[in-house]
Amino acid sequence: LHMGKTMKEDLTVVVKYIKQLYPPEFNVFSIYAELYHNYFASQAKKNAESHLEDKDIYLLLSWVHNIYPKDMRKDHVLAEELEKVKLGSLLPSSLSKELEKKYLDSEEAAVKNSLSKCLDKEIQRWKEDKEPEKLNGHFQSELLAIFVIQSIYSGQKRAKDISVAVGEELSHRLSKELPAFLKSYKDAFEDFKEKSKKHRYYKPILIANINNCWNFRDYTEKNMAEKDDNKASILSTLSDIENSGFDVLLQQLFAQLKPIYKKFTENKWDSSNEIMNEIIKTTSKHISDFRTLKDPFYHAIVEKIHARLVKEYIVRLLKRKVSLKTPAQQQNLAQHISKNAADLEAFCTSNGSQATWLNSALPKLAEIIRLQDLGAIKIEVATLATTYPDIRKRHLEAFLHIKANLSRSELKSILGYLADSTASTLPGAPLFSNINVS
């Protein structure tokens, strides 16, 4: 700093006062500038060849790439004169490259070490007998994502402050650190999930970890290019953590719902309204626990519940346990299904489900049961297949078991119509493809 300040001040005096005292051919400014530069460069080389701490390497590289060429040589008083002198760099290229490599290796190791310590601290936090902190009513470990992203970002910024090339090289090296960290984080999360089921705050910790994914997801979406392979890897790992957490959070609810759904076929749908009320009441108790999820995750889990409630209802309709011969009986069942569908939709929507694509499944099935005209049934089947292109013959055949007044030829005609209308259609959101027909 002292040499730099002295050189700048002295050369300013040469430009302003001394240069004009000599004839132009003496090139007084050039002589002064070269002498100062050579001395400065020799000192820089001497420092570069000695054992330097990491922070000293950073400072020396900052002088070579940044402070010396930009702050000093671009000074408004000196720039024009220095342009004519062509002084070159403070360090030989080979020495500069050697320092850059040391700096990059050290910075890369420091960031890796920092992320590893951060994960260890996070894992330690899970083991404590403490409820995770809440922010705006949501469980989370807010500092985790901030610290990890800040560590990587700060490293990249420091390198960029040396030079664009050094910044790009470090960014390239660190580009794999976030995906690697998240894979380790996912492994640690899975380990906790499997081994800590008796932990007092098991579910709040799961929810906090799902919520942690949001900051990583948001940062990745905003700061990484679509074509970057690391982006796909990061988003995939985050989805794995989120879905893994959802599966555990929903296990108990789905286990409780299974025997309730069985009552539909056991009672031949006679008390379906009471059964649906029981399903809604049971689900409602669990949903209140999920309010501590951040909004995007809360909506995602409610939509998973919505899809499961509709799917389980369809499963019961495909069990071949009910076979109705008269139009009046079929009309009655269709009314039950329509009422259940309306109650289910109202419940899920009021709790924040945005999965509107599920809402027409049960009403369409109810309509197929209600209709008696073969042409009208085919039209309804075609509409159903357009909305849910993953429905297959085996699903429809099991469902049409309910309509016992269809002749074999009518049944074949309807099934053939479905095959034709779905032959070239790719499945959209899966509903029927998740349903096995026994």
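Colleague: At roughly what angle do the axes of helix H5 (residues 93–127) and helix H7 (residues 164–174) cross?

Modeller: This is a predicted model, in which local features need pLDDT of at least 70, side-chain atom pairs count only at pLDDT 80 or more, and totals for chains, interfaces and linings use all residues. Residues are numbered from 1 along each chain as its sequence is written, and side-chain values use heavy atoms, with hydrogens and water left out. Helices are DSSP runs (H or I, at least four residues), numbered from the N terminus, and axes are lines fitted to C-alpha atoms over the stretch in contact, with angles from 0 to 180 degrees between N-to-C directions. The axes of H5 and H7 come within 10 Å, and they cross at roughly 35°.

Colleague: What is the area buried between domain 2 and domain 3?

Modeller: The domain assignment, automatic or from a database, gives domain 2 as 101–242 and domain 3 as 268–418, and 13 residues of domain 2 are in contact with eight residues of domain 3. Buried area is the accessible area (1.4 Å probe) that two parts lose on being put together, summed over both. Carbon and sulfur atoms give 65% of the buried area, which is about 910 Å².

Colleague: Which three residues supply 49% of the area that domain 2 buries against domain 3?

Modeller: These residues supply more of that area than any other three, and they are His138, Ile207 and Trp214.

Definitions and conventions: Helix = DSSP H or I, 4+ residues; strand = E, 2+ residues; numbered from the N terminus. Contact = heavy atoms within 4.5 Å.
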